Amino acid sequence: MSEVDSRYAWWRLAASVLISTLGGVGMWAVVVALPAIQADFAVTRADVSFSYTATMLGFGIGSVALGRLIDTRGALLTVVVSTLLLVAGLAAAACSPTVMAFAAAQVLIGLGAAATFSPLVADLSHWFTKRRGLAVAICSSGNYFAGAIWPPIVERLVSDHGWRSAYLSVAIVCLVTMLPLGFALRRRLAQHASEAQGAGASMHSPRALGLSPAALQAWLAVAGIGCCVAMSMPQVHIVAYCADLGYGVAQGAVMLSLMLGFGIVSRIASGWIADRVGGIKTLLFGSTLQAVALFLYLISDSLVSLYVVSALFGLFQGGIVPSYAIIVREYFSPREAGARIGLAVSATIVGMALGGWMGGALFDMTGSYRAAFINGIAWNALNAAVAWWLLLRQNRRAVFAA
């Protein structure tokens, strides 16, 4: 009896989402604690923003390395390695004597958190055929569940006990929950089983777009950097932005949680859309809507308007990153899924890292976030241009093939 599209596949999806939700704290803890960490180390906004950049760089490296590990050794070992790296990084960050030591620990946190996103998404994609887009979108929503759940918790821990104690508490929670959940993923499909059952086979090859595999991977990287430089501005700086406007860190943490909560809706909806129109069209749709939300931030600075725009931003942009995983599964061999999706996601992480630092640097230069939002819109235009170009090539090739 085929395990693809089976009841076990859905249970595996549920376990993957839980692991991603827990481990995803590695991406969001530093965002919430940013003002407290800046005050503790007495550094500039750009200096402390570099810690987020370090997290994302570690996440990008881990996405590729752990993606290859999950291709060759399976999900259980990958989750164990991920958990240990994450916990070690959180503990090291809590004991950091300087901001540079803290940034180094954040690299380790990023490495550990990486397995809770693209490697799990790549692994999960082998277990579904009929609803692969939906399953991939749900699995990739785990880090948004983390973003919706963890910020208020971390903010309360930081407020009551300090950011160092908050980091240690989170480390303990991850250690005692993620390792047992990893054993739910110990089962592996028989070698080549997914291909034989049609679950793993790609719909096309990069040649269907008139591109080599390396060229398509490179264009996806350009698109990923562009979209996530833009995406990082609200996600990384919304807490600090609210503090600067006088609304307080707690309001910013709730706003971030709201943003990522609506991002879950967007991600699941994008999976449903991708099953019907494909990954490239879904990418272009999400990119266009994200540009609209970024423009709305330029004209919104009241508390109510920021809540509304943050909800819209989450609703508009959540489906962008999962689109890359779907495009990879449409155009590349399933045997390369973990590494290829890891490369695509690592480019988005480079964008988040670059954008997070640029937002802080532009704030230091201008004294406001207006220039940072304009910068995000410009990078978003690059992403939309690449998506539009790939769609034109897809449509042109389809006409010639007919």
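**Exercise 1. In this predicted model, identify which residues of the largest nonpolar core touch the most other members, and state which helix gives the largest share of this core.**

Step 1. The largest nonpolar core holds 123 residues, and of these I37, F59, Y167 and L256 touch the most other members.

Step 2. Turning to the origin of the core residues, the largest share, 14 residues, is supplied by helix 11.

Step 3. For L256, once its neighbours within four places in sequence are set aside, the contacts are W28, V31, V32, G147, P151, Q235, I238 and V239.

**Exercise 2. Describe how helix 11 and helix 12 pack, giving angle and axis distance, and then list the residues that make the contact.**

Step 1. Helix 12 spans residues 249–277, and its axis lies 7 Å from that of helix 11, at an angle of about 150 degrees.

Step 2. Since angles over 145 degrees count as roughly antiparallel, helix 11 is therefore roughly antiparallel to helix 12.

Step 3. The crossing of this pair is right-handed.

Step 4. Helix 11 contributes P234, Q235, I238, V239, C242 and A243 to the contact, while helix 12 contributes V249, G252, A253, M255, L256, M259 and L260.

Step 5. Sorted by class, the residues of this contact are 11 nonpolar and two polar, with no charged residues.

**Exercise 3. Work out the relative direction of helix 2 and helix 11, and say which residues bring the two helices into contact.**

Step 1. Helix 2 (residues 25–41) and helix 11 (residues 213–244) have axes 8 Å apart and pack at an angle of about 30 degrees.

Step 2. Because angles under 35 degrees count as roughly parallel, helix 2 and helix 11 are roughly parallel to each other.

Step 3. Their crossing is right-handed.

Step 4. On the side of helix 2 the contact is made by W28, V31, V32, L34 and P35, and on the side of helix 11 by Q235, V236 and V239.

Step 5. This contact of helix 2 with helix 11 comprises seven nonpolar residues, one polar residue and no charged ones.

**Exercise 4. Determine the handedness of the crossing of helix 11 and helix 14, together with the classes of the residues in their contact.**

Step 1. Helix 14 covers residues 303–317, and packs with helix 11 at an angle of about 150 degrees, the axes being 11 Å apart.

Step 2. That angle makes helix 11 roughly antiparallel to helix 14, and the crossing of the two is left-handed.

Step 3. The contact involves M231, P234, Q235, I238 and Y241 of helix 11, facing L306, S310, F313 and Q317 of helix 14.

Step 4. These residues divide into six nonpolar and three polar, and none is charged.

Notes: Residues are numbered from 1 along each chain as its sequence is written. This is a predicted model: local features need pLDDT of at least 70, side-chain atom pairs count only at pLDDT 80 or more; totals for chains, interfaces and linings use all residues. Side-chain values use heavy atoms; hydrogens and water are left out. Axes are lines fitted to C-alpha atoms, for helices over the stretch in contact, and angles run from 0 to 180 degrees between N-to-C directions. Helices (H or I, at least four residues) and strands (E, at least two) are DSSP runs, numbered from the N terminus. Angles under 35 degrees count as roughly parallel, over 145 as roughly antiparallel, 65 to 115 as roughly perpendicular and the rest as oblique. A crossing is left-handed if the near helix is turned anticlockwise from the far one by less than a right angle, and right-handed if clockwise. Contact means heavy atoms within 4.5 Å. Ala, Val, Leu, Ile, Met, Phe, Trp, Tyr, Cys and Pro count as nonpolar, Asp, Glu, Lys and Arg as charged, and the others, Gly among them, as polar. A nonpolar core is a set of buried Ala, Val, Leu, Ile, Met, Phe, Trp, Tyr and Cys residues joined through side-chain atoms within 4.5 Å. Buried means under 20% relative accessible area, exposed over 50%, partly exposed in between (1.4 Å probe, protein chains only).
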